[in-house]
Structure formats: C-alpha cells, structure tokens
Amino acid sequence: MRTYRMKPGNALLTGLVLLLGAWVAAPVSAAGTGTGADNPGMKKCLRCHDEEAEHPVLSILKTKHAVVADERTPMSNHSCTTCHGASLAHMDDDAAPDITFHEKDASIGNEVCQSCHIGKHLTEWQGSRHQIENVSCSNCHSPHMAQDPVLDKVSEVEVCITCHKNQRANLVKPYAHPLRDGEMSCSGCHAPHGGTGNSNLVKNTVNDTCNMCHAEKRGPFLWEHQPASEDCTICHSPHGSVHTAMLKQRGPWLCQTCHAAQFHPSTAYSGTGLPGVNRPSGAQQMLGRNCLNCHSEVHGTNHPSGARFTR
Ligand code: HEC
Ligand code: HEC
Ligand code: HEC
Ligand code: HEC
Ligand code: HEC
Ligand code: HEC
Ligand code: HEC
Ligand code: HEC
Ligand code: HEC
Ligand code: HEC
C-alpha cells in the first residue's frame with residue numbers, strides 16, 4: 001500500500017517553494033505565458049508536491065498542458081485538480097487522490113484525458129485493441145515529463161516494447177527496420193490510437209502501409225507476382241528477421257513453399273549439389289541469390305518479356 005503521509009521536513013521546504021513560486025510566476029503570468037503556479041488549484045497541491053518530493057511532478061509546467069494563455073489547458077483552469085480531481089480527502093488524510101491514473105479500470109483515467117481530447121487523433125480509440133485491453137492513455141503518455149517520450153521517434157519505440165516483448169526481440173535481429181536509431185518508429189506503420197485496418201495499421205491494408213515508403217513496389221505491374229500484390233508479409237517479417245531483406249525464410253525454400261511442382265524439379269533443392277573441392281557441379285538454384293539469380297524481379301515487372309520475372 002502506498003501511504004500519502006507527508007515526510008516531516010517537506011512542509012518547511014514547501015513554504016519556501018511556494019514563496020519562490022509566487023515570486024517567479026507573477027510577472028510571467030502577467031505576460032500571458034506563465035506556468036499557472038499561482039493558480040489556486042495548484043497552490044494547495046504544491047504545499048506537499050515539488051521537485052524535492054518522492055515523485056517530482058513540476059516538469060509538467062514546461063509542457064503544452066501548462067500554457068496558461070491557452071484557455072483549453074488544465075493549467076489555465078483548475079490546474080492539478082483538472083486531471084486528479086478535487087482530492088479533498090487526500091489533502092487532509094492518508095487517502096489517495098480522486099484520480100491516480102493507475103486505477104485497475106483504465107477507462108477512469110482515460111475519461112479525464114478524453115474530456116479534452118476527442119476527435120482528431122482519437123476517433124478510432126473506442127473499440128481499438130488497446131482500449132479493449134485496458135491500456136490507458138498514461139501507459140504511453142507521461143504528461144509530467146517535460147518531453148513526453150512517446151512523442152519522440154527514438155523513445156517511442158522504448159515505450160512500446162516495454163509491453164511488446166516479441167517486437168523487442170525482433171528489433172535486434174540482424175535485418176530489421178531502422179527503429180533503433182530514430183529513422184522511423186512503430187507509429188510509421190501502426191496507428192497507436194487504433195485504425196481501421198488489421199493490427200492497427202496506419203492504412204487499411206498491409207500493402208498500402210508498406211507502399212507509403214516503398215512506392216516502387218506498388219505497381220500496378222504488367223506482370224504481377226500474386227503474393228507481392230496480395231500481402232508483403234507473405235515473404236517479409238516487418239519486425240525483423242535473421243534473413244537478408246527481412247525475409248521469412250531463406251531462398252530457395254522461401255520460393256519453394258509455393259513453387260514445388262512446376263517447371264523446375266518438383267522436389268525441394270538441397271545443399272548436395274553445391275560446388276566445392278570435390279563437387280564441381282552446383283545447382284544455380286542454391287547459390288548466392290538462388291532463384292533470384294534468374295527471377296530477379298520478384299515483386300513484379302513491366303518488362304515485355306517479364307512474365308517469369310526475369311527482368
Ligand atoms: C498534505 C500533503 C499533500 C497535499 C496537500 C497533496 N498531496 Fe498528493 N501526495 C502526498 C503524499 C505524501 C503522497 C505520496 C508520495 C508521493 O507520491 O509523492 C502523495 C501522492 C499523490 C499522488 C500519487 C498517487 C498515487 O498513488 O500514485 C498524486 C496523483 C497526488 N498526490 C496528487 C495531489 C494533488 C492533485 C494534490 C492537490 C489537489 C495533492 N496531491 C495534494 C501528499 C500531499
Ligand atoms: C494532464 C493531466 C495532469 C495534470 C494537469 C497533472 N497531472 Fe499528475 N499525473 C497525471 C498522470 C497521467 C499521472 C500518472 C502517470 C505519470 O506519472 O506520468 C500523474 C501522476 C502524478 C503523481 C504521481 C507521480 C509518480 O511518479 O508516481 C503525482 C504526485 C502528481 N501526478 C501530482 C500532480 C500535481 C501536483 C499536479 C499539478 C502541478 C499534477 N499532478 C497535474 C496527469 C496529470
Ligand atoms: C483540460 C483539458 C485537457 C486535459 C484534461 C488533458 N489535456 Fe492533453 N492537451 C490539452 C491541450 C489544450 C493541449 C495542447 C494542444 C495543442 O497545442 O494543440 C494538450 C496537449 C496534449 C498532448 C500533446 C503534447 C505535445 O507536447 O505535443 C498530449 C500527448 C496530451 N495532451 C495527452 C493528454 C493525456 C494523456 C491526458 C490525460 C492524462 C490529457 N492530455 C489531459 C488539453 C487537455
Ligand atoms: C499505445 C500507446 C498510446 C496510447 C495508449 C495512447 N497514445 Fe496518444 N499518442 C501515441 C503516439 C505514439 C503518438 C504520436 C504519434 C501519432 O500521433 O500517431 C500519440 C499522440 C497523441 C496526441 C497528439 C500529440 C500531438 O503531437 O499533437 C494526443 C493529444 C494524444 N496522443 C492523446 C492520447 C489520449 C487522450 C489517449 C487515451 C485515450 C492516448 N493518447 C493513448 C501513443 C499512445
Ligand atoms: C501497457 C502496455 C502496452 C503498451 C505500452 C503498448 N501496447 Fe500495444 N498492445 C498491448 C496489449 C495488451 C495488446 C493486445 C495483445 C497483443 O496483441 O499483444 C496490444 C496490441 C497492440 C497491437 C495489435 C493490435 C491488433 O489489432 O491486433 C499493436 C499493433 C500494438 N499494440 C502497437 C503498439 C505500439 C505501436 C505501441 C507504442 C506506441 C504500443 N503498442 C504500446 C499493450 C501495450
Ligand atoms: C514496417 C512496418 C511495421 C513496423 C515499423 C512495426 N510493425 Fe508491427 N506489424 C506490422 C504488420 C504488417 C503487422 C501485421 C502482420 C504481421 O503480424 O506480421 C504487424 C503486427 C503487429 C502486432 C500484432 C501482431 C503480433 O505480431 O503480435 C503488434 C503487437 C505489433 N505489430 C507491434 C509493433 C511494435 C511494438 C512496433 C515497434 C517496435 C512495430 N509493431 C513496428 C508492421 C510493422
Ligand atoms: C515509414 C516508412 C516505412 C514503411 C511504412 C515501411 N518501410 Fe520498409 N523500410 C523503410 C526504411 C527507412 C528502410 C531502410 C532502408 C535502407 O536501409 O535503405 C526499409 C527497409 C525495408 C526492407 C529492406 C531491408 C533490406 O535489407 O534492404 C524491406 C524488405 C522492407 N523495408 C519491407 C517493408 C514492408 C514489408 C513494409 C510493410 C509491412 C514496410 N517495409 C513498411 C521504411 C518503411
Ligand atoms: C514472393 C515473396 C515476396 C513478396 C510477397 C514481397 N517480397 Fe520484397 N523481397 C523478396 C525477396 C526475395 C527480396 C530480396 C531481393 C534481393 O535479394 O534482391 C525482397 C526484397 C525487398 C526489399 C529490399 C530490396 C529491394 O528490392 O528494394 C524491399 C524494400 C521489399 N522487398 C519490399 C517489399 C514490399 C513493400 C512488398 C509488398 C508490396 C514485398 N516486398 C513483397 C520477396 C518478396
Ligand atoms: C505464397 C506463395 C508464393 C511464394 C512464396 C512465391 N510465389 Fe511465385 N507465384 C505464386 C503464384 C500464386 C504465382 C502465379 C502462378 C500462376 O499464375 O500460375 C507465382 C508466379 C511466379 C512466377 C511466374 C510463373 C508463371 O507461370 O508465369 C515466377 C517465376 C515465380 N512465381 C517465382 C517466384 C520466386 C523466385 C519466389 C521466391 C522469391 C516466389 N515465386 C515465391 C506464389 C508464390
Ligand atoms: C538458372 C536460372 C534459373 C534459376 C536459378 C531458377 N529459374 Fe525458374 N525459370 C527459369 C527459366 C529460364 C524459366 C522459364 C522461363 C520462360 O519460359 O520464359 C523459369 C520458369 C519458372 C517458373 C514458371 C514455371 C512454369 O511452369 O511455367 C517458376 C514458377 C519458377 N521458374 C520458379 C523458380 C524457383 C522457385 C526457383 C528457385 C528454386 C527458380 N525458378 C530458379 C530460370 C531459372
């Protein structure tokens with residue numbers, strides 16, 4: 001159980017902070033860009049909560065939520081209590097604030113955020129997988145931090161993989177999207193607040209999502225390769241793979257999961273025909289880019305003689 005009794009000594013400090021707060025805040029608010037530190041809804045909380053407390057909270061004053069001149073923000077209204085509730089019992093007794101944002105039922109805290117954040121980014125939230133799974137806005141967002149980590153490409157990924165262990169493991173495989181260096185983030189492909197497509201993809205289909213960035217694979221091609229126009233993830237693992245180009249399997253086996261009984265031998269190729277000291281003859285289907293040695297345009301082609309994707 002968490003206790004909400006103040007540590008002795010904090011109050012002394014608080015008096016100081018309040019004095020300081022009033023001194024700093026007054027001239028700034030007059031300019032219309034203040035922090036709201038003089039807001040009555042905040043003063044009563046700052047008796048105990050400051051940067052010295054067990055859980056420092058005042059960095060919120062550096063965020064968009066604290067732009068007093070913007071009358072839509074919490075700090076321009078009732079300040080702390082806009083989000084945490086009046087919390088009268090909390091201030092006098094050893095009782096929790098009205099809203100802590102780690103209630104078992106995430107919707108309690110979410111409703112507070114959604115009292116202001118409706119529409120725009122959040123039209124798909126209701127009924128999204130995260131909403132159904134009791135994930136809260138504050139599981140991803142940290143309104144008390146000067147820079148909300150989930151709004152930054154590099155640190156966003158860190159936030160997501162605290163829960164998504166599979167993706168955490170895939171990310172470090174030798175072939176993966178450049179998610180670790182901030183070139184792109186999970187939300188390059190996924191809409192974190194829910195989307196109309198499967199797996200909360202940004203676009204309705206996998207291919208529409210991939211082709212936002214890989215436009216050269218979009219087609220339409222004169223000669224389409226059916227799986228490529230159907231779903232890129234038939235051959236690629238977008239979260240990372242041990243095979244080059246994030247392929248799900250190495251060629252020729254990748255190709256032979258579908259092409260086992262056609263023009264070429266109907267049995268799966270093996271390593272036995274490989275060239276070596278004692279094995280001068282090799283199967284071209286096994287070497288280097290294997291099937292791709294000849295069928296290089298596996299995503300589709302517009303070449304007049306390209307029905308077999310050879311150019
Ligand atoms: C009499 C001192 C006191 C006052 C006044 C006070 N708090 Fe607290 N509060 C505490 C203590 C002690 C804790 C527990 C230690 C901590 O989290 O810093 C706490 C914890 C909290 C927590 C964390 C709760 C949790 O379980 O995670 C929130 C949120 C909170 N206070 C909000 C507020 C708000 C909002 C106000 C003003 C309306 C306020 N407090 C006024 C003493 C106080
Ligand atoms: C925009 C809504 C919002 C406002 C405004 C807000 N808080 Fe919070 N507060 C949260 C959320 C969400 C959490 C839980 C997640 C977190 O710690 O970031 C939280 C957590 C806390 C905690 C617990 C911190 C911890 O690390 O356990 C305290 C204490 C607290 N708030 C006090 C305050 C005080 C004091 C104010 C006014 C200066 C305030 N809050 C204003 C949303 C808000
Ligand atoms: C009283 C209304 C209000 C409440 C309650 C509120 N917000 Fe906000 N929030 C705003 C306003 C206004 C902005 C600034 C929007 C802008 O600049 O376009 C904002 C901005 C944000 C941003 C963008 C910050 C940035 O740096 O770009 C995030 C994320 C956010 N809020 C999340 C939350 C979360 C999570 C909660 C609940 C814990 C919450 N808000 C509660 C009004 C509110
Ligand atoms: C799964 C993590 C996650 C959850 C849960 C989540 N968000 Fe977000 N949110 C993000 C990410 C990532 C972004 C930035 C990328 C984007 O907008 O697609 C964002 C952006 C935002 C923005 C816009 C910030 C800007 O730049 O203008 C607001 C406002 C916001 N979220 C509010 C909320 C509210 C309210 C909730 C709860 C109903 C919520 N979020 C739940 C991850 C999340
Ligand atoms: C607090 C934990 C938590 C965090 C943080 C979190 N998620 Fe999730 N997410 C879940 C749970 C639980 C599910 C449902 C079970 C599953 O698919 O793993 C889920 C499901 C998903 C799904 C599948 C949706 C579907 O319809 O099948 C995607 C995509 C996803 N999350 C992306 C993200 C992204 C991107 C972020 C970071 C911006 C993120 N998540 C952050 C808990 C979380
Ligand atoms: C290049 C695009 C792309 C990126 C980047 C991406 N995903 Fe995905 N994700 C997909 C696609 C496509 C699917 C659905 C097909 C599949 O399961 O392979 C998916 C499915 C999921 C699912 C649901 C199915 C499952 O495997 O559990 C979760 C959860 C998920 N992604 C989380 C994440 C997280 C977290 C990140 C960031 C670390 C991330 N994704 C980055 C494309 C992407
Ligand atoms: C937000 C942009 C974006 C989206 C969406 C996207 N990618 Fe990528 N993709 C990249 C970037 C950036 C690279 C790295 C390019 C580089 O290193 O030259 C990349 C690289 C790749 C590579 C090549 C890796 C290699 O070894 O050459 C494959 C395969 C790939 N993506 C497949 C996909 C698939 C499949 C999807 C859809 C599920 C997808 N991408 C969605 C940006 C994106
Ligand atoms: C039939 C299996 C298959 C499908 C389906 C497929 N790919 Fe590929 N992809 C490959 C193979 C094999 C390579 C490796 C090519 C090489 O080594 O030259 C590759 C390479 C790539 C590359 C990196 C090299 C390059 O050519 O740019 C990207 C990017 C890529 N694929 C994106 C996509 C996208 C986007 C889709 C969906 C529209 C898709 N792939 C569907 C098999 C496939
Ligand atoms: C998911 C199954 C699948 C995978 C994996 C796959 N293909 Fe295909 N491929 C097809 C289908 C379906 C067709 C269309 C067959 C038809 O029209 O008779 C096709 C057509 C072709 C054709 C043209 C055949 C013709 O008759 O014109 C070639 C060549 C080909 N694929 C090569 C490859 C190569 C090389 C790979 C591995 C990189 C590969 N395929 C992976 C399903 C697959
Ligand atoms: C040495 C070059 C070469 C290699 C390596 C190769 N192919 Fe072919 N493939 C061809 C030629 C040539 C054709 C016939 C083209 C034509 O008739 O236009 C063909 C035709 C095909 C066809 C169409 C068959 C049909 O019945 O019409 C498929 C499917 C195919 N190859 C798949 C594969 C797969 C899968 C691999 C790897 C296991 C592979 N190829 C490796 C040269 C090659």
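Mentor: Let us begin with H84, which is partly exposed because its relative accessibility is 24%; buried means under 20% relative accessible area, exposed over 50%, and partly exposed in between (1.4 Å probe, protein chains only). This is a predicted model, in which local features need pLDDT of at least 70 and side-chain atom pairs count only at pLDDT 80 or more, while totals for chains, interfaces and linings use all residues. Residues are numbered from 1 along each chain as its sequence is written, chains are lettered from A and ligands numbered from 1 in the order in which they are written, and side-chain values use heavy atoms, with hydrogens and water left out.

Trainee: Which protein donors does the iron atom of ligand 2 have?

Mentor: Donors are N, O and S atoms within 2.8 Å of the metal (3.2 Å for Na, K and Ca); water is not among the atoms, so sites may look incomplete. Here the protein donors are H84 (NE2) and H144 (NE2), lying 2.0 Å from the iron atom of ligand 2. H84 belongs to helix α3 (residues 80–84) and H144 to the loop between α7 (137–140) and α8 (153–163), so the pair ties together parts that are 60 residues apart in sequence. Helices are DSSP runs of H or I with at least four residues, numbered from the N terminus. H144 is also partly exposed, at 31% relative accessibility.

Trainee: What arrangement do the six donor atoms around the iron atom of ligand 2 make?

Mentor: Ideal angles for six octahedral donors are 90 or 180 degrees. Six donors count as octahedral if opposite donors are over 155 degrees apart and all others between 65 and 115. The six donor atoms around this iron atom subtend angles of 89 to 180°, so the arrangement is octahedral.

Trainee: Which polar side-chain atoms lie 2.8 Å and 2.7 Å from a nitrogen atom of ligand 9?

Mentor: A polar contact is a pair of N or O atoms within 3.5 Å; within protein, one must be able to donate a hydrogen and the other to accept it, and residues adjacent in sequence count only if both atoms are side-chain atoms. For ligand 9, a polar side-chain atom of H225 lies 2.8 Å from a nitrogen atom, and one of H259 lies 2.7 Å from a nitrogen atom.

Trainee: With which side chain does the side chain of S305 make a polar contact?

Mentor: The partner is the side chain of H303, at 2.9 Å. S305 lies in the segment after α13 (291–294) and is partly exposed, with a relative accessible area of 37%.

Conventions:
Helix = DSSP H or I, 4+ residues; strand = E, 2+ residues; numbered from the N terminus. Tetrahedral: all angles 85-135°; square planar, octahedral: opposite > 155°, others 65-115°.
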